[in-house]
There are 2 protein chains.
Amino acid sequence: MTASGQPGSVGVVETSTVRLFNEDAPLVLASGETLAPVDVAYETYGVLDAEASNAVFICHALTGDAHAAGYHADATRPGWWDNLIGPGKPLDTDRFFVICANLIGGCQGSTGPSSTNPETGQAYGLDFPLLEVSDLVTVHRALVAHLGITRLLAVVGGSLGGMQALQWALSHPDDLANAVVVASSSRLTAQNIAFSAVARRAIMADRQFRNGQYAAEGTLPAVGLSIARMMAHITYLSEDAFTEKFGRAPQFETSRRGFGIDFAVESYLDHQGTTFLERFDALSYLYLTRVMDYFDPFADPHALDRIRERPVRHLVLSFDTDWRFSTDHSLRIVRRLERAGVPVSFRELTSAYGHDSFLLASPTYHATLTAYFDHALEVGP
Amino acid sequence: MTASGQPGSVGVVETSTVRLFNEDAPLVLASGETLAPVDVAYETYGVLDAEASNAVFICHALTGDAHAAGYHADATRPGWWDNLIGPGKPLDTDRFFVICANLIGGCQGSTGPSSTNPETGQAYGLDFPLLEVSDLVTVHRALVAHLGITRLLAVVGGSLGGMQALQWALSHPDDLANAVVVASSSRLTAQNIAFSAVARRAIMADRQFRNGQYAAEGTLPAVGLSIARMMAHITYLSEDAFTEKFGRAPQFETSRRGFGIDFAVESYLDHQGTTFLERFDALSYLYLTRVMDYFDPFADPHALDRIRERPVRHLVLSFDTDWRFSTDHSLRIVRRLERAGVPVSFRELTSAYGHDSFLLASPTYHATLTAYFDHALEVGP
């Protein structure tokens, strides 16, 4: 809490990078393939207490990164979950030690398909190995060990982040006391896969994609990547949110009708598509969407064996207007966990904003998280 | 009805073409611009009775054409609404005379942006004028006059076709006794526009689009057009229909995971995108989606003046799983018409298949149409 009593910012932060796997001790993936070196970019907020008992790990969603809170020295925009993390906020950094790491396969400092392949000296491109959610968890665990933490108070994530929290709890229940799974899914639907398939097609069919070697060839599949983002962004908002934000408002007072930007909603999408190019990599988009397509932990009949022995408390939240991962997705997770005797608290929250609600600071949502985290801290890891 | 008593086919049909406007008498568009020549491709099924009192005009949707029923001599697939039109079917061609015309702006025989501009000898490209739904109706009316019909028993359409039926009834209520508006809208939402905006972007950003001059340059924006189709197709089916048809089934029994076609739903979308290239034109896609974006007849405070004086009976139908034009869209039309004293029969029908349900032959849907058309014929035009 700041001196004024208002929730505050964690202030200026920097991203650190650590090499967690190298040629001598490579990352062994779920597929059996190995990857080295593996660097991970991460940030931390708050102070780890003497017993290392107040650590919360944040897992980011498809296009997130390690910069979850505070400000980079040269930036005006805070981290992507700054409304959640900071003094006096639900993850109160006066009490919690919060960690966020860029995913492997990503493009903001952690090793990904556009990193240099040591065997060729060029970007991996499509030679980068396919990943699974469990691989993302393997790397997170290595970072947590590097930070000297043996047990996390909680793992928290929305969307793809929630998948990581769920997988972590299922595979390594000794690692964490709580998993917070927001607006997520244990299994994409055909429609979910369809949207990502079209996005990938747009990227790969872009002539500038050059079979994934665009970095070496000095090109950029900008058209495909921006189309992918524009389309995906439609699925992140509810129809009502689009109506409320834009309706049928024209973009310009006097416009000659045409095929450019006539409506305000077109300008918004155009902006989404364009700014995305500055911060995201086309290959990462392919790899991380495919990670989501294949995620299906409960297909393994032994998925719940470990957590049954060592329950991890779960908070599962959905939003009533989320049509990307509707409440049905969350309820499937809840049913599976409850059948295994895992303690689960579930809420469907009201929000006008669809899937993106998990990133927003609606009062009921944040009050729910605050209550859960306060109790988690009281109980301890 | 066929000899066997089972609903039958109208048999082999041919598409006719007629020049309805020429340089001496050009088509005057709502915008004030003129267009000439204007050719229209159309088909008819059944026989016009002596009083010309049994004519029903079918308006096609975005990617339809004049071939609504029966078989072309060299084809194995029937017309797109063959389940509705034929002996013993809801539009029983033993009793009704049914007309369907390719839209101007389209690409299956009627004048459109890929037709030759007489001023240049090249395809119009983006020099083709922007159209409104009322322009489509103007051309339909000229065809009806050409066929010697002064008053239609009904105008029928789904989606963009329903918009034409509604506009026709509002603008020229003397022309028709009944308007059947299925799975349609009087006003697209921001989300509706957003999907079309991304589709147009995919087409126009394709380097083969060549600012609309692809025909002259011998290229084809195939990538953009197939992306547009794949994405749009997702919005035509309900999420449940995708789940029922494909679920998470793999496409191949043994597949190496990758970024190609791993899931059955990906194969389906790929097929949709590829086959679309054979039958549709990228410029038509731009023009006709923009027609839909701008459709908003009730924005005109005088929209209902004419129909109030000369009511046209309406049947408005929606499908409960249609998330492209949900029941709310239909109810807005119903409320507007009822407020003007126009007789409206409305039903929300149950269907698992989303927006595309209007093309399918579910029993309740077809029973509803049969009852409505039978009564319409009894009352007369």
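Is W81(A) buried or exposed? W81(A) is buried, at a relative accessible area of 0%. Buried means under 20% relative accessible area, exposed over 50%, and partly exposed in between, with a 1.4 Å probe and protein chains only.

This is a predicted model: local features need pLDDT of at least 70, side-chain atom pairs count only at pLDDT 80 or more, and totals for chains, interfaces and linings use all residues. Residues are numbered from 1 along each chain as its sequence is written, chains are lettered from A and ligands numbered from 1 in the order in which they are written, and side-chain values use heavy atoms, with hydrogens and water left out.

**Aromatic pairs**

Rings of Phe, Tyr and Trp (its six-membered ring) pair if their centres lie within 6.5 Å; planes under 30 degrees apart count as stacked, over 60 as edge-to-face and the rest as tilted. The whole structure holds 37 aromatic pairs over all chains. Two of them are tabulated here.

| Pair | Centre to centre | Between the planes |
|---|---|---|
| W81(A) and F358(A) | 6.2 Å | 90 degrees |
| F128(A) and Y287(A) | 5.4 Å | 85 degrees |

F358(A) is also buried, at 3% relative accessibility. F128(A) and Y287(A) are both buried too. Ring pairs join Y124(A), F128(A), Y287(A) and F259(B) into a cluster.

**The two chains**

Chain A and chain B each give 52 residues to the contact (heavy atoms within 4.5 Å). There are 12 salt bridges between chain A and chain B (a side-chain nitrogen of Lys or Arg within 4 Å of a carboxyl oxygen of Asp or Glu). One of them joins R200(B) to E266(A), with the closest N and O atoms 2.9 Å apart.
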